[in-house]
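I'll jot down what I checked, one topic at a time.

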Amino acid sequence: MLHLTTDISSLEVSRTADVSSIPIVDENDSLLDVYSRSDITALAKDKAYAQIRLDEMSIHQALQLCQDANSINGQRCQMCLRSDTLHKVMERLASPGVRRLVIVEAGSKRVEGIISLSDVFRFLLGV
């Protein structure tokens with residue numbers, strides 16, 4: 001998880017840790033948004049990075065630049081609860097554009113993890 005910070009450090013975390021998304025949380029570790037590789041691609045596609053100072057831009061500002069491109073039904077973060085059934089999670093992951101679900105605590109939206117379609121496949125295949 002990443003607390004609000006500069007965009008450049010998020011890019012470095014994404015690159016060096018080989019992760020495709022980083023949950024953005026507030027001071028209580030409650031989910032605010034998700035910063036993903038597709039956000040980086042959207043910003044690069046629009047050449048937004050050429051017009052901004054990466055070391056001064058916050059993640060929140062970067063996400064606002066590409067908000068419409070990566071939202072599904074007006075919502076950028078797709079969530080589930082730890083108590084959700086595998087069937088329910090698979091149904092949500094089968095929706096067009098949904099690549100991952102952020103697992104949150106009911107009520108507080110405190111981030112507990114992320115589950116992706118590849119995680120489900122690995123589980124089902126026993127890999």
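This is a predicted model: local features need pLDDT of at least 70, side-chain atom pairs count only at pLDDT 80 or more; totals for chains, interfaces and linings use all residues.

How many residues of strand S5 (residues 100-104) are buried? I counted five of its five, so the strand is mostly covered, with buried taken as under 20% relative accessible area.

Next, I looked at which way the S5 residues point. Arg100, Val102 and Val104 go one way, while Leu101 and Ile103 go the other, and all are buried.

Then I checked the pairing. Strand S4 (residues 79-81) runs with S5 in the parallel sense, over three bridges. I found Cys80 standing opposite Ile103 in S5.

The side chains of Ser21 and Arg100 make a polar contact at 3.0 Å. Is Ser21 buried or exposed? I get a relative accessible area of 11%, under the 20% cut-off, so Ser21 counts as buried. Skipping neighbours within four places in sequence, I listed the contacts of Ser21 as Val34, Tyr35, Ser36, Arg100 and Ile114.

Last stop was the surface. I noted a nonpolar patch made of Leu86, Met90, Leu117, Phe121, Phe123, Leu124, Leu125 and Val127, with about 820 Å² of accessible area together. Helix H4 (86-93) and helix H5 (117-125) are the elements that give two or more residues to this patch. H5 has the largest share, five residues. I placed Val127 in the segment after H5. Val127 has a relative accessible area of 75%, over the 50% cut-off, so I logged Val127 as exposed.

How values were computed. Residues are numbered from 1 along each chain as its sequence is written. Side-chain values use heavy atoms; hydrogens and water are left out. Buried means under 20% relative accessible area, exposed over 50%, partly exposed in between (1.4 Å probe, protein chains only). A polar contact is a pair of N or O atoms within 3.5 Å; within protein, one must be able to donate a hydrogen and the other to accept it, and residues adjacent in sequence count only if both atoms are side-chain atoms. Contact means heavy atoms within 4.5 Å. Patches are made of residues with over 30% relative accessible area and no salt bridge: like charges are joined within 9 Å, nonpolar side chains (Val, Leu, Ile, Met, Phe, Trp, Tyr) within 5 Å. Accessible areas come from the Shrake-Rupley method with a 1.4 Å probe; for residues, only the protein chains shown count as cover. A salt bridge is a side-chain nitrogen of Lys or Arg within 4 Å of a carboxyl oxygen of Asp or Glu. Helices (H or I, at least four residues) and strands (E, at least two) are DSSP runs, numbered from the N terminus. Two strands pair if DSSP finds at least two bridges between them.
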